[in-house]
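Hello,

Here is the structure I promised to pass on to you. Have a look at it first, and then read on for my notes.

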Amino acid sequence: MIIQSKKFKIFDSDALRKFHKRIFFSIVVFLCCYFLAVFRIADVMVLEINLKKNQNYSLIPERGKIYDRNGQLLSTTVNSHSLFVNAQKIKKNKKILSKKISSIIDINEEEIYKKLTSNKKFVYLKRNISPKEHQKIIELGEINLQTSLEKKRIYPFRNIGSHIIGYVDVDNNGLAGIEKSYDENLKKGEDIYLTLNINLQNASTNALLKTINKFSAESGSIIIMDITNSEILSLVNYPDFDSNNVNESNSNQRLNRALQSNYEMGSTFKPITVAMGIDSGIIDQNMIFDVSKPIKNKIEDWDPCNCSLNVKEIVVRSSNIGTAQIAEKIGKDNQINFFKKIGFYEPINIKLNEAAKPYGQPYHWGEIETMTIGYGHGFAITPLHLAVAYSGILNQGIKTDPKIIIDDKIKNYKKIINKDTSRYISYLLRSVVQETKITGPKIRIEGYDIGGKTGTAELINSQNNYDKDLNRTIFISAFPMSNPKYLILSFIDKPKRKKANNFSITSATVNAPLVKDIIIKIIEILKLPKVDNEHILNAATSTKYNQINAIN
Amino acid sequence: MNSFFNLKLWWKEIDKINFILISILLIVGIILSFSLNESSLFFNKHLVFAISSFFIMIFLSSLEPKTLRRVSLFFLVIFIFALVIVLLFDNEIKGSNRWLKFLGFSLQPSEFIKPFYFILSAWLIIQGINGRQYYLLVLIISFLLISSLIILQPDFGMTFLIFLTFFCQLFIAGLSIFLVIFSLFAILLLSFFSYYFFDHVQKRIDLFFNSNSGGFEQIDYSLRAFKNGGWFGKGPGQGILKEKIPDANTDFIFAVAGEELGFIFCSIIILLILTIIIRFLLKLLKMQDPFIIISIVGLTCCFGLQSLINIFSSLSIIPTKGMTLPFISYGGSSMISSSILFGFLLALTKNKIFYE
């Protein structure tokens with residue numbers, strides 16, 4: 001088209017006869033460019049006008065440190081040496097030399113030999129060698145083995161808190177946890193103070209490990225939160241890893257289950273279902289539900305009873321049939337809306353890259369699913385989702401984003417339920433501990449007004465069936481229930497039936513003692529005083545609920 | 001052909017000063033290679049390539065313009081075919097697919113495309129100007145074909161160079177001002193396109209504008225090397241840059257020169273390159289044959305721009321492009337391609353052409 005148009009000219013006519021101007025122009029452009037190059041070299045090399053880039057390099061601040069809430073050092077940078085070799089200059093005895101080096105730095109002899117014969121001028125043999133190794137290398141007397149000074153990140157508490165603190169690569173770029181999500185701040189030299197209490201973290205790690213060993217369980221997590229300001233005081237996963245030696249761990253160990261993995265939460269959903277029913281006015285505390293028959297031959301109770309139960313009894317006895325009926329009354333739409341309100345449809349808003357999107361119910365959600373979801377089957381979220389939702393429900397119905405960094409302001413205040421409903425749920429959780437015959441005694445501590453709810457989910461085995469021997473046991477607990485302050489969520493995956501535990505693998509057997517251990521540690525570490533019983537009864541639960549209690 | 005080769009006649013006709021300047025460039029490359037490579041393997045390879053380049057250049061410079069055109073067409077077709085093969089086979093090195101391997105040699109067809117293409121594009125442009133518009137269509141199609149084959153590798157630097165050189169040819173041939181402005185826009189557009197679609201281009205450019213973002217990168221080493229050099233350099237073989245970055249003997253050869261041989265030597269290299277460019281361009285003023293003029297413009301600008309891009313990159317004036325310094329950088333493909341380019345240039349600037 002362009003070519004055919006007669007008025008439009010691609011080339012100026014008779015331009016070739018007058019091309020001299022354009023040649024001169026080109027020469028001038030080349031001259032200018034090359035003089036710019038000369039000027040730039042003079043600038044860099046001789047005139048010593050410092051370049052911005054070089055200045056930046058020399059002024060790169062040391063990576064910031066990470067502390068716990070009390071100023072305990074969790075991560076810092078120290079000087080270390082890296083061993084490298086100029087392989088081109090090493091001429092003979094490579095075999096012997098690699099054997100010698102291998103015995104010092106604990107790296108495979110063949111690997112070292114490969115590097116020595118690589119004919120490269122600069123090959124790292126090992127980054128970050130220890131002072132002892134450094135000394136021995138010097139004693140070897142091979143001048144082509146050289147060391148360079150580098151900065152190494154160290155983690156004094158090793159495995160404790162590693163999932164939260166994270167780790168860095170050899171060049172100190174954050175790869176996970178706080179090291180990754182606050183990489184920019186740390187690189188600028190800013191120190192970070194976590195909300196974690198490293199003593200609590202240590203105590204819950206030990207308690208979790210004890211339980212895992214006792215039941216030969218596969219994995220587990222514990223979250224401890226301050227309900228009043230949503231600060232995460234401790235977050236533990238097992239299996240775990242040492243941030244100092246990340247390379248020796250596998251992805252299973254590095255998985256931050258509490259943030260990254262989605263689980264069905266079992267009976268711990270029942271108080272949530274009750275909360276949405278009560279708060280919306282769809283049910284009230286005095287309603288009676290007939291739990292004598294299974295629903296559609298599908299929904300059954302662990303402990304069947306030919307009776308009718310009120311709302312409190314449904315929660316205390318953990319009746320699936322009763323909760324299913326409550327959920328049916330609430331209906332799917334209200335259920336979804338409430339889940340949205342308490343954050344079950346979004347990743348937790350916390351500055352940790354590991355925080356995962358909740359799985360929810362991606363398949364079919366009909367009437368039967370509404371009922372099963374009511375008691376925690378068919379809807380998956382991360383443990384942190386559950387902890388944050390409970391924290392909001394117990395914090396007088398005000399949910400806020402959880403905090404992991406101290407100077408974060410409390411964000412996203414959101415009223416999710418009324419104060420009265422919140423108080424009622426506290427009362428229910430307390431009743432579970434006060435009134436149940438199996439769970440209660442295992443968790444009660446005189447003088448500390450504890451509440452909680454068990455949850456046990458059967459897992460699917462390799463044949464794709466629910467397996468009575470594959471359990472996930474969950475316990476969510478809070479205290480003091482008069483004015484809830486501490487929330488403890490514990491998770492154990494696949495505990496094994498053992499004679500020492502009467503072959504029981506329910507949450508009551510597995511998690512209740514674990515949470516009790518942890519609460520005792522919290523009391524010790526935070527020096528929490530006892531509160532006398534009468535005081536609790538007067539202040540804690542409103543007279544209204546005591547009356548209901550008396551009637552039933 | 002050798003029986004036709006008359007050394008005496010050749011010497012009489014050749015542009016002696018440019019021939020000597022180009023040979024000095026080759027010797028500078030050998031010196032740098034010697035100080036750069038302690039192992040004799042690389043140096044020997046460099047020496048072999050340099051010597052063969054020297055003879056290829058002499059041989060090609062004895063050819064007639066008409067023969068050049070035919071040779072170019074023949075090899076262009078071969079190397080376009082090679083470009084297609086490169087894309088079909090997976091020989092990825094550092095994120096791009098540029099190399100063709102056979103019989104233990106690796107060959108970079110995009111390097112060889114340059115001298116042959118600029119001879120042919122010159123011929124097509126002239127045919128187009130003389131009224132045969134069909135040739136302009138061929139010109140545009142061939143340009144689009146070659147640049148898209150190269151950008152698919154992806155080799156953004158080479159595409160950019162070919163585009164710029166092609167533009168210079170059109171500019172000297174009298175491209176109307178409107179189209180000159182249009183082309184400048186196209187270059188801008190191409191830059192944005194590659195910024196958004198090629199990760200490594202984006203990374204390099206981000207790094208260029210925001211030195212805080214990455215750690216200590218090649219370019220910082222390069223600048224430090226210059227800084228360490230001072231007036232006279234640390235002495236051959238004394239630099240540390242070559243130990244720090246992998247592309248020291250190609251993309252950052254100029255920084256190595258800066259560190260080891262100093263400011264004076266670097267200025268001499270720049271002066272040498274600039275003299276060669278300007279001498280070739282000045283010769284055009286006395287010439288008449290439009291095909292030869294546009295060919296020389298293409299070949300000279302290709303050499304000049306490539307050197308400029310390499311030098312500017314190592315000085316951090318522009319983002320790093322991954323381009324060799326002709327006749328100085330290590331690398332067989334680059335060196336042979338440069339020898340073809342210089343051979344063509346010398347052939348086209350022989351004395352007798354003046355008197356025609």
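Predicted model: local features only at pLDDT ≥ 70, side-chain atom pairs only at ≥ 80, totals over all residues.

Let me start with one residue: A:Asp303 sits in the loop between strand S11 (288-290) and strand S12 (308-310) of chain A. Helices (H or I, at least four residues) and strands (E, at least two) are DSSP runs, numbered from the N terminus. With a relative accessibility of 48%, A:Asp303 counts as partly exposed; buried means under 20% relative accessible area, exposed over 50%, and partly exposed in between (1.4 Å probe, protein chains only).

Residues are numbered from 1 along each chain as its sequence is written, chains are lettered from A and ligands numbered from 1 in the order in which they are written, and side-chain values use heavy atoms, with hydrogens and water left out.

Next, the cysteines. A disulfide here is a pair of cysteine sulfur atoms within 2.5 Å, and by that rule the count over all chains is one. The pair is A:Cys305 and A:Cys307, whose sulfur atoms are 1.7 Å apart. A:Cys305 counts as buried at 15% relative accessibility, while A:Cys307, at 23%, counts as partly exposed. In chain B, B:Cys168 is in no disulfide, and the nearest cysteine sulfur, that of B:Cys301, is 3.8 Å away. B:Cys168 is buried, with a relative accessible area of 18%, and B:Cys301 is buried too, at 3%.

Now to the sheets. Two strands pair if DSSP finds at least two bridges between them. One open sheet of chain A has five strands in the order S9-S8-S18-S17-S16, with antiparallel pairing. Strand S9 (231-238) and strand S16 (451-460) of chain A stand at the edges with a single partner strand each, so one side of each has no neighbour in the sheet. On average, neighbouring strands of this sheet are turned by 10° against each other, direction ignored. Axes are lines fitted to C-alpha atoms, for helices over the stretch in contact, and angles run from 0 to 180 degrees between N-to-C directions. Ten bridges hold the antiparallel pair of S16(A) and strand S17 (residues 466-479) of chain A, where A:Lys453 stands opposite A:Ile476 of S17(A). Helix H9 (residues 198-214) of chain A lies across strand S8 (219-226), S9 and strand S18 (486-493) of chain A, at about 30° to S9(A).

Elsewhere in chain A, strand S2 (residues 73-85) has several antiparallel partners to look at:

- Strand S1 (residues 66-67) of chain A is joined to S2(A) by two bridges, and A:Ile66 has A:Ser75 as its bridge partner. The two strands form a hairpin with five residues between them, and A:Gly71 in the turn has a positive phi of about 85°.
- Strand S4 (residues 145-154) of chain A is joined to S2(A) by ten bridges, with A:Val78 opposite A:Lys152.
- Strand S3 (residues 123-129) of chain A pairs with S2(A) over four bridges, with A:Val85 opposite A:Val123.

Two places among the helices are worth a visit. Helix H17 (residues 383-394) and helix H18 (residues 419-435) of chain A pack at about 115°, with their axes 8 Å apart. That makes H17(A) roughly perpendicular to H18(A), a term that covers 65 to 115 degrees. The contact (heavy atoms within 4.5 Å) is made by A:Tyr390, A:Ile393 and A:Leu394 of H17(A) and by A:Ser422, A:Ile425, A:Ser426 and A:Leu429 of H18(A). Helix H12 (residues 270-279) of chain A has nine of its ten residues buried, so it is largely enclosed by the rest of the structure. Just after H12(A), A:Gly281 takes a positive phi of about 80°.

Finally, chain B has 15 helices and two strands, and 60% of its 356 residues count as buried.

Enjoy exploring it!

Key
Parallel < 35°, antiparallel > 145°, perpendicular 65-115°, else oblique.
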